[in-house]
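The following note sets out points for a colleague who is examining this model. Please read each point with the sequence and the structure at hand.

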Amino acid sequence: MPLSEDSHIGLDGSGDSPFAVGRPSDAVLDIVQEGLDHITAYLTDLAVRSGQPPQQLIDRFVKQYARLNSANDWNKYSKYFAQNTQAELNRLGTTGAQAGTIDTKCKGTVSGDISFYTDHIAAVAVRKQCYELFKKAYPETWQKILTKFEESTQYTEAGKTVGQRQQMFHKSAKRLTLSVSPYATV
């Protein structure tokens, strides 16, 4: 059965998902635009009443409520773990001798090598335990720590194009501007 523009399909294949698949109809786009207009009006009013720039309010909202990148926290921690393996294993209570069996890269292997897969599963299990302990050790700041770590390593990664480096610079400049703007006097 072909899908129409407004067909609904659940993740399990059933037809009861609240999300439309495919290109939205003009009616749906009108509803979305009306909602975005309401958000823009409220955001503008909030910016005027609070004296804060709209982008700072949007960033604050995303940080507090949206958690759009929560799935990336594991990826950030994996990079952090690779750079700080011994310290993280010490938190777990693992000795240095056991740390040598942990594959922090987890790259591909020759097919049929079962030892790689068992070692990989063990390494992921250890990393998950370390991740949980990391979050418990820094309950209020663990995401900020991982974000700052990721930002700091971006500048040392080789192979970046000029455009990618310009984009990183502009993002960093924007973050800096937003962080010091509350202290600026007009």
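In which helix do K135 and E132 both lie, and how many residues apart are they? The first point takes up this question.

1. K135 and E132 are both located in helix 6, 3 residues apart, which is about one turn of the helix. The two side chains form a salt bridge, with the closest N and O atoms 3.3 Å apart. K135 counts as partly exposed because its relative accessibility is 22%; E132, at 38%, likewise counts as partly exposed. It should be kept in mind throughout that this is a predicted model.

2. The count of salt bridges comes to 3. One of them joins E88 to R91, with 2.7 Å between the closest N and O atoms. Both residues belong to helix 4 (residues 85-92) and are 3 residues apart, about one turn of the helix. E88 has a relative accessibility of 1% and therefore counts as buried, whereas R91, at 29%, counts as partly exposed.

3. A salt bridge is also formed by R49 and D45, whose closest N and O atoms are 3.0 Å apart. Because R49 and D45 are 4 residues apart in helix 1, about one helical turn separates them. In general, an α-helix has 3.6 residues a turn, so residues three or four places apart point the same way. R49 counts as exposed, with 55% relative accessibility; D45 is partly exposed, with a relative accessible area of 36%.

4. As to the overall fold, the protein chain contains 8 helices and 0 strands. Of the 186 residues in the protein chain, 18% are buried. The protein chain exposes about 13700 Å², of which carbon and sulfur atoms supply 59%. Among contacts with a separation of 6 or more, 40% are between residues 24 or more positions apart.

5. The largest nonpolar core comprises 11 residues: Y77, Y80, F81, L89, V126, C130, Y131, F134, W142, L146 and F149. At least two residues of this core come from each of helix 3 (72-83), helix 6 (114-137) and helix 7 (142-154). Helix 6 provides the largest share, 4 residues. As a general matter, nonpolar side chains in soluble globular proteins tend to be buried together.

6. Y80 deserves a separate look. Apart from its neighbours within four places in sequence, Y80 is in contact with E88, F134, I145, L146 and F149. E88 in this list is the residue that forms a salt bridge with R91, and F134, L146 and F149 are members of the largest nonpolar core.

7. Helix 7 has 13 residues and spans 19 Å from its first C-alpha to its last, close to the 18 Å expected at 1.5 Å a residue. Its buried residues are W142, L146, F149, E151 and T153; W142, L146 and F149 also belong to the largest nonpolar core.

8. Helix 1 has 25 residues and reaches 35 Å from its first C-alpha to its last, close to the 36 Å expected at 1.5 Å a residue. Just after helix 1, G51 adopts a positive phi of about 75°.

9. Which residues make the nonpolar surface patch of about 320 Å²? The patch is made by V28, V32, L36 and I39. L36 is placed in helix 1 (residues 26-50), and its relative accessibility of 40% is why it counts as partly exposed.

Notes:
Residues are numbered from 1 along each chain as its sequence is written. This is a predicted model: local features need pLDDT of at least 70, side-chain atom pairs count only at pLDDT 80 or more; totals for chains, interfaces and linings use all residues. Side-chain values use heavy atoms; hydrogens and water are left out. Patches are made of residues with over 30% relative accessible area and no salt bridge: like charges are joined within 9 Å, nonpolar side chains (Val, Leu, Ile, Met, Phe, Trp, Tyr) within 5 Å. Accessible areas come from the Shrake-Rupley method with a 1.4 Å probe; for residues, only the protein chains shown count as cover. A salt bridge is a side-chain nitrogen of Lys or Arg within 4 Å of a carboxyl oxygen of Asp or Glu. Buried means under 20% relative accessible area, exposed over 50%, partly exposed in between (1.4 Å probe, protein chains only). A nonpolar core is a set of buried Ala, Val, Leu, Ile, Met, Phe, Trp, Tyr and Cys residues joined through side-chain atoms within 4.5 Å. Contact means heavy atoms within 4.5 Å. The expected span of a helix is 1.5 Å times one less than its number of residues.
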